[in-house]
Amino acid sequence: MTKRPLIGLTLDAEPAGGWSKYPWYALRQNYCEAVAAAGGLAVALPHEAGLAEDYLGRLDGLIVTGGAFDVDPALYGEAERHATVELKADRTTAELALLQGALRRDMPVLGICGGEQLLAVVLGGSLIQHIPDAVVGALEHEQKTSHYQPGHEVEIQRGTRLHDIVGPRMLVNTSHHQAVRSAGRSVVNAVAPDGVIEGIEVPGLKFCIGVQWHPEYLIDKGDTAIFAAMMAAANG
C-alpha cells in the first residue's frame, strides 16, 4: 500500500470575538476532505514563521489556502494601498516562510486563491489590487452564488503542466477582488475570458502550481485531477 503523503495546509486566523472569545484559527473542512480523497493526510499549520523549517522537514507537500484578506502591496513594491485591501500580517509572514522554504526544497506546492497570489509575489511578481478599478470590462470575480457552482470558465494555456493535468478548459468558482498582474519567475497557465490571470506555475520544479479559484470544492473534474497530481508528486 502506498504511503499517504503528509500535506500541510495553512490556517486562517481571527481575533477574539465571533466563534470564540479568544483568538482562533480556522480552516474550511473541504480543504482537508479534498486532500484525503486524493490520498493525502492533511495537517494544519499555525502562524509560527520561526518553526517553518521544522514543519517543512516533516511534510511531503504544502497547500497555501485562501482567505478574506490580501497580500501587503509593499511586498511587491507598491507604496500605495487600495482602500479595499485588508491585511493579516502574522498569517502572511508565516506563509512567506513556509513558501520560501518549500520552494528551496522543491517540495510540491499548491497555492489556492490568495495562496496563488502570494506565490506569485514570492516569485517576483505583482498583483492587481482591485480588479473592478483596474480591468475594463471585468467579469464578476466575487460570485454571489454557491461556491459549489461555477462562476466562469478559464482557458488553460497549452504547453503548461496544468494543461497536461486538466486539459484546455475548466469551469471554476470565483471569489477574489485581486489577481496576479505579473507572474515574475513563474509562467501563466490559466486565463479568464476577461484576460485576468487565473493560474501560474514554475516549470522545472516537482510540482508548483497556483490557481485563483477554489479547487477544494471539486466542481470540475479538473479540480480532482489537480489534487491527484499534487499527491502523486508528494509521493515521488
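Student: Which helix and which strand each supply at least two residues of the lining of the largest pocket?

Tutor: This is a predicted model. Rolling a probe the size of a water molecule over the atoms shows where empty space is left. Here, β2 (12–14) and α4 (114–122) each give at least two residues to the lining of the largest pocket.

Student: How much space lies in the largest pocket?

Tutor: The largest pocket holds about 440 Å³. Its lining counts 27 residues, and G66, G67, A68, F69 and S175 are the closest to the centre.

Student: Now the backbone. What is the phi of D106?

Tutor: Phi of D106 is near 55 degrees. That is a positive value, and D106 is not a glycine. For its place in the chain, look at the loop between α3 (89–105) and β6 (109–112).

Student: Why does D106 count as partly exposed?

Tutor: Compare the relative accessibility with the cut-offs: buried is under 20%, exposed is over 50%. D106 has 26%, so it counts as partly exposed.

Student: Where is L218 found, and what is its phi?

Tutor: L218 sits in the loop that links β13 (208–211) and α7 (221–234). Its phi is positive, about 55 degrees, although L218 is not a glycine.

Student: What is the relative accessibility of L218, and how does that class it?

Tutor: Apply the cut-offs again. L218 is at 36% relative accessibility, so it too counts as partly exposed.

Notes:
Residues numbered from 1 in each chain as written. Predicted model: local features only at pLDDT ≥ 70, side-chain atom pairs only at ≥ 80, totals over all residues. Heavy atoms only, no water. 1 Å grid on protein atoms, 1.4 Å probe; cavity = no way out; pocket = protein on both sides within 12 Å on 5 of 7 lines; lining within 4 Å. Points joined across faces, edges and corners; volume = space filled by probe spheres on them. Helix = DSSP H or I, 4+ residues; strand = E, 2+ residues; numbered from the N terminus. Buried < 20%, exposed > 50% of the residue type's maximum accessible area, 1.4 Å probe, protein only.
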